[in-house]
Amino acid sequence: MSSTSLNRRDFARLFAYGGSAALMAHPAIASLRPRPLSAADLGPAPDWERVRDQFLMPRDLAVLNAANLCPTPQPTIRSVTDHTERMDRAPVPTLRRQMTGVKETTRTLLGEYLRVPGDDILVTRNTSESNNFVSNGLDLGPGDEVLIYAENHPSNNRAWKAKGERFGYTVVEVEPVNPHPGPDYYLEAFARAITPRTRVLSFTHLTNTMGDLFPARELCALARERGILSMVDGAQSFGLLDVDLSEIRPDFYSGSGHKWPCGPKEVGVLYVSPAAQEQFHASIYSAYTGQSGLSRTHEGMGQRDEPAIQGFGDQLRFLQEIGRAEIEARSRELASALIEGLQSIDGTTLWTSPDPNLRVAVVSFQPGNLEPGRVLAALEEDGVVAATRGGERPGIRFSPHYYNTMADIDRAVSSIGRYMRTGL
Ligand SMILES: Cc1ncc(COP(=O)(O)O)c(C=O)c1O
């Protein structure tokens with residue numbers, strides 16, 4: 001079938017996006033569609049081996065770097081590829097209009113996933129963009145203070161500081177303590193640092209540095225009590241933790257689809273509470289706004305990669321079918337095994353707390369005196385993907401996720417054990 005033989009009804013059928021209607025496409029196209037992983041495939045409890053089979057990495061590559069960028073499972077890769085092909089095969093106005101509608105489906109799915117109304121969700125490109133939308137979008141000036149956690153990502157802290165210099169407000173930092181001193185410590189530290197001038201409290205739900213879990217609900221409640229806006233950087237919690245924003249009640253929550261959710265690249269989210277929307281300006285004005293809620297005024301970002309946004313929605317369905325709580329529990333189980341393994345190796349210093357109340361699945365440690373860059377290279381040769389950390393607490397960061405197996409954990413631990421015994 002060539003694209004020129006398609007009539008308008010065929011087009012409409014091919015691009016009948018939004019849920020299972022898309023599966024009713026022309027048979028030639030329908031056969032190209034990936035068969036999404038369904039709950040029935042997984043059985044009552046997730047079969048993690050079968051989940052692992054949905055990913056392209058060879059079995060002898062242990063990818064323990066979810067905090068940086070996650071692999072995307074095959075059904076979602078195929079969805080993005082198929083939609084890209086279809087758009088380019090028939091880039092006619094009717095189809096373009098239908099394609100722009102996929103943002104609304106993904107917005108609804110994001111709202112369901114994070115347990116807030118889709119009307120309060122913006123579909124962005126990544127956490128960096130979401131964070132900068134916040135620091136760009138508030139009227140702050142001389143006399144105002146923004147309170148941050150000192151180990152927030154640069155898209156958070158560098159942005160606040162640069163804009164503070166430009167617009168005349170002050171940035172106040174709460175310093176990290178290692179090992180994690182517990183949620184009460186940070187609650188008290190932030191409470192003490194709040195002054196009558198504080199307008200925003202910005203912290204990271206789960207830090208990308210030491211993997212410290214912050215008491216998000218309590219910190220947001222503290223901010224609310226003091227009449228301050230709360231901003232939660234969720235880059236390391238979205239897709240890993242079973243996040244319930246209706247319980248955490250932040251004013252802003254940001255995340256990336258290409259990290260723990262395992263979605264396509266360059267898709268992200270920003271949640272904005274109804275109260276904060278009243279004082280939040282758009283950063284970008286252009287055509288192709290969203291069609292519901294805040295997106296009508298704050299998501300006019302010009303042409304977008306609609307197949308990726310469609311794939312983001314497909315990937316959220318994939319995660320929902322496995323189960324948010326199941327994914328969190330599995331990642332925690334793998335991280336606990338990893339921590340136990342690392343603790344058994346003499347000379348290894350864990351920067352991340354072994355206490356599951358204080359961490360999730362971002363694990364940073366120092367393997368004795370071994371140079372982190374050389375450890376990273378050796379790990380790659382051994383089929384283990386990790387990240388290095390510099391600064392005051394240098395070393396290696398492993399971040400396992402639900403697609404990993406216990407064999408991956410064993411491979412990583414035994415490699416570190418060998419380097420520590422015999423050197424590099
Ligand atoms: C806590 C945190 N915030 C923001 C970001 C930026 O994410 P992205 O590069 O997807 O914009 C990262 C990336 O590692 C991060 O760890």
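Helix 7 (residues 102-114) packs against helix 15 at an angle of about 30°, with the two axes 9 Å apart. That angle makes helix 7 roughly parallel to helix 15, since angles under 35 degrees count as roughly parallel, over 145 as roughly antiparallel, 65 to 115 as roughly perpendicular and the rest as oblique. The axes are lines fitted to C-alpha atoms, for helices over the stretch in contact, and angles run from 0 to 180 degrees between N-to-C directions. Helices (H or I, at least four residues) and strands (E, at least two) are DSSP runs, numbered from the N terminus.

This is a predicted model, in which local features need pLDDT of at least 70, side-chain atom pairs count only at pLDDT 80 or more, and totals for chains, interfaces and linings use all residues. Residues are numbered from 1 along each chain as its sequence is written.

The crossing of helix 7 and helix 15 is left-handed. A crossing is left-handed if the near helix is turned anticlockwise from the far one by less than a right angle, and right-handed if clockwise. On the helix 7 side, the contact is made by Val102, Lys103, Thr105, Thr106, Leu109, Leu110 and Tyr113. Helix 15 contributes Glu306, Ile309, Gln310, Phe312, Gly313, Leu316, Arg317 and Gln320. Two residues are in contact if their C-beta atoms, placed from the backbone, lie within 7 Å. By class, the residues of this contact divide into 7 nonpolar, 5 polar and 3 charged. Here Ala, Val, Leu, Ile, Met, Phe, Trp, Tyr, Cys and Pro count as nonpolar, Asp, Glu, Lys and Arg as charged, and the others, Gly among them, as polar.

Helix 15 (residues 306-322) also meets helix 5 (residues 74-89); their axes come within 9 Å and cross at roughly 155°. Helix 5 and helix 15 are therefore roughly antiparallel to each other, and their crossing is right-handed. Pro75, Thr76, Ser79, Val80, His83, Thr84 and Met87 in helix 5 face Pro307, Ala308, Gln310, Gly311, Asp314, Gln315 and Phe318 in helix 15. This contact holds 6 nonpolar, 7 polar and 1 charged residue.

A further partner of helix 15 is helix 16 (residues 324-343), with the axes 5 Å apart and an angle of about 75°. Helix 15 is thus roughly perpendicular to helix 16. Leu319, Gln320 and Ile322 of helix 15 touch Arg324, Glu326 and Ile327 of helix 16. The classes in this contact are 3 nonpolar, 1 polar and 2 charged.

Next comes the ligand. Which residues surround the ligand? They are Asn126, Thr127, Ser128, His153, Ser155, Thr204, Asn208, Asp233, Ala235, Gln236, Ser256 and Lys259, where near means that the C-beta atom, placed from the backbone, lies within 6 Å of the molecule. This shell divides into 1 nonpolar, 9 polar and 2 charged residues.

Two single residues can be located as well. Ala189 sits in helix 10 (residues 183-193) and counts as partly exposed because it has 16 C-beta neighbours inside 10 Å. A residue is buried if 20 or more other C-beta atoms lie within 10 Å of its own, exposed if 12 or fewer, and partly exposed in between, with C-beta atoms placed from the backbone. Arg418, in helix 18 (residues 406-422), has 14 such neighbours and so is also partly exposed. The C-alpha atoms of Arg418 and Ile345 are separated by 9.4 Å, although these residues are 73 apart along the chain.

For the whole protein chain, there are 18 helices and 13 strands, and buried residues make up 45% of the 424 residues.
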